[in-house]
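The entries follow the order in which I checked them.

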Amino acid sequence: MVSGVCTATTCTTSQTSTNLPQPPARYEPAHDLGVLFHDVQISGMFEDSKTFADARPRLAPAEITARYASARGAPQFNLRQFVEEHFELPRPVGEGFRSDTSQTMEQHIRALWPVLTRPPDTADARSSLIPLPNPYVVPGGRFREVYYWDSYFTMLGLIESGRTDLVKSMLDNFAHLIVTVGHIPNGNRTYYRSRSQPPFFAAMVGLYARATDTAQALQYLDALEAEHAFWMNGAERLAPGAGQAYRRVVRLREGGPLLNRYWDDLPQPRPEAYRPDYEIAQTLPEARRESFYRNVKATAESGLDFSSRWMRDPKDLRTLETTDLIPVDLNSLLYHAERMIAALRAFRGRAGDAEVAKQFSRAAEDRRQALLVAAYDPASGFFYDVRWRSGERVTDRPTLAAASPLYFGLATPEQGRAVAARLEREFLKPGGFVTTLIPSGQQWDAPNGWPPLEWLTIEGVRRYGRADLANTARDRWLALNRRSYRATGKMTEKYDVVDVQRRAGGGEYPTQDGFGWTNGVALALAAQKADGPHPPSPSPFGRGGRGVRTGVEDDPRRRSIVAVPLSPLVNEERPQHLASAPWRRHDYDFRDCFVTD
């Protein structure tokens with residue numbers, strides 16, 4: 001069990017990623033193949049470096065490397081032939097699937113779920129795949145494994161498809177990873193273990209609990225606290241002074257609360273993108289390469305690799321400054337996780353839970369206040385990332401990350417209205433919301449729109465009273481999805497929202513189809529349009545059900561997405577949709593579990 005310990009400025013648990021049970025030794029391609037891995041990746045025989053990282057050795061890696069050392073000096077040595085003889089190369093997910101464009105988009109997506117679902121894994125000492133005990137959905141194409149933050153948006157569609165069983169399987173897998181790896185890695189590959197992704201686990205738990213039974217969230221409380229400890233690891237090392245950081249934790253101001261950044265523990269080329277990382281690093285002085293690798297991999301942890309958001313010079317990846325930034329969306333997610341933990345602790349009601357719940361709730365509010373002061377710029381009415389060394393807001397690179405404080409309910413009503421107005425004025429395009437305003441050539445920049453950011457932005461502005469804007473963006477995005485599906489028979493990972501006739505591009509690899517999060521967001525938005533707005537709350541303690549008004553719409557921070565409603569809701573009446581229904585075994589009056597200061 002994990003026991004929580006919080007202070008007013010930070011929360012940790014007694015069990016952290018450094019002492020959780022470690023998985024057995026597994027195949028690490030870059031480490032186990034050494035020179036062979038480097039030579040294959042640099043040779044360019046595979047256009048995508050991930051192909052070789054995912055390849056399965058036919059023999060023990062040590063035997064293969066010995067054979068390579070012996071054979072490579074021969075005059076007629078052929079590297080490609082050697083690789084083909086000693087490795088099984090992976091195939092794309094969904095290869096051979098043929099779309100039937102006479103089906104609607106929704107029918108097509110539901111037919112894809114079995115194609116994108118992997119059965120429970122069997123442990124294989126020669127695979128870089130970290131085996132998972134339950135079925136799970138992968139994005140598709142080159143993405144043959146589960147991806148952390150993708151899965152929240154995929155789950156939106158699984159719930160609309162009635163597949164709560166698969167949602168639970170995926171949640172159980174993530175809890176398994178927290179126990180065995182110490183956190184939820186970027187994906188279930190050994191080469192992803194040094195980093196995570198945006199921490200949506202708490203939002204996933206809330207989504208599942210609301211779709212099934214609110215008490216279902218309790219089984220994930222220990223995992224939620226252990227993941228929080230991973231993100232806060234090293235907090236005790238930071239002195240009270242301003243401008244300090246350790247791993248993923250930063251202190252922005254003297255005596256202030258702790259905030260978070262993205263990070264990676266291994267300053268080396270990403271195995272799955274080895275060649276581009278290595279080649280760019282070679283253009284830098286040796287003294288700067290470690291910092292470059294660290295920033296590249298921290299950017300991969302953000303899930304937005306790559307974007308002008310992270311670069312001082314939007315045209316030059318060598319200027320990545322990700323580890324120097326406090327991301328507004330990351331801290332919105334952790335605020336939500338802290339409030340979720342507080343709510344679950346209070347609801348469980350064991351000895352000591354009430355005090356821990358108050359501490360997590362206080363830490364969440366401290367984080368919120370610190371983020372609003374640091375990241376919100378009243379002059380432009382927008383949220384920005386913040387340079388933690390100086391406190392400077394990155395106002396020259398506005399992004400859709402500004403919608404996260406709206407989606408998770410941190411923003412004040414005035415801030416929410418201002419952000420929504422700017423999003424409408426500058427980011428709303430013919431196909432939906434554009435990710436940034438800078439056409440850098442990177443995939444997480446203009447002119448592209450991405451399903452997860454469309455969902456967060458649409459539902460964020462809806463929450464702050466702009467249903468008109470939310471509906472307009474939703475309808476434009478769905479029209480683009482449908483148009484592309486009719487033309488190609490595919491659902492792709494991203495779309496060009498500026499020129500809706502043009503295929504999205506940019507980035508390190510071709511645009512992938514499948515596609516998990518695109519399918520999930522499309523189904524959720526399509527169902528919403530048909531039935532009326534009912535954004536699935538990431539909290540299990542939402543007030544009211546689909547389309548139910550609870551009489552507190554004047555303050556968006558009190559709406560259903562917030563994990564622990566504020567004290568004015570303590571005396572709120574029973575949700576209207578349950579007013580005349582008998583209480584089932586796990587229908588609770590959550591007035592008793594709200595945490596107040």
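These are my notes on a predicted model.

**Nonpolar cores**

I began with the largest nonpolar core, which has 138 residues. Phe 153, Phe 200, Phe 201, Phe 383 and Trp 455 have the most contacts inside it.

Next I picked Phe 200 and looked up its neighbours. Leaving out residues up to four places away in sequence, Phe 200 touches Tyr 148, Trp 149, Tyr 152, Phe 153, Leu 333, Phe 408 and Leu 456. I also found a second, separate core of 16 residues. Val 40, Ala 55, Tyr 68 and Phe 82 are among its members.

**Salt bridges**

Side chains of opposite charge can pair when their charged atoms come close. I noted a count of 47 salt bridges. I looked at three of them.

Arg 56 and Glu 88 form one, at 3.6 Å from N to O. Arg 56 lies in strand S3 and Glu 88 in strand S4, so the pair ties together parts 32 residues apart in sequence. Arg 56 is partly exposed, at 25% relative accessible area. Glu 88 is partly exposed too, at 36%.

Arg 195 and Glu 272 meet at 2.6 Å, N to O. Each lies in a loop, and the pair ties together parts 77 residues apart in sequence. Are these two buried or exposed? Both Arg 195 and Glu 272 are buried.

Arg 248 and Glu 301 meet at 2.9 Å, N to O. Arg 248 is in a loop between strands S7 and S8, and Glu 301 is in helix H12. Both are buried.

Last, I noted one network joined by shared partners: Lys 50, Asp 54, Arg 144, Glu 145 and Arg 189.

How values were computed
Residues numbered from 1 in each chain as written. Predicted model: local features only at pLDDT ≥ 70, side-chain atom pairs only at ≥ 80, totals over all residues. Heavy atoms only, no water. Core = buried A, V, L, I, M, F, W, Y, C linked by side-chain atoms within 4.5 Å. Buried < 20%, exposed > 50% of the residue type's maximum accessible area, 1.4 Å probe, protein only. Contact = heavy atoms within 4.5 Å. Salt bridge = Lys/Arg side-chain N within 4 Å of Asp/Glu carboxyl O. Helix = DSSP H or I, 4+ residues; strand = E, 2+ residues; numbered from the N terminus.
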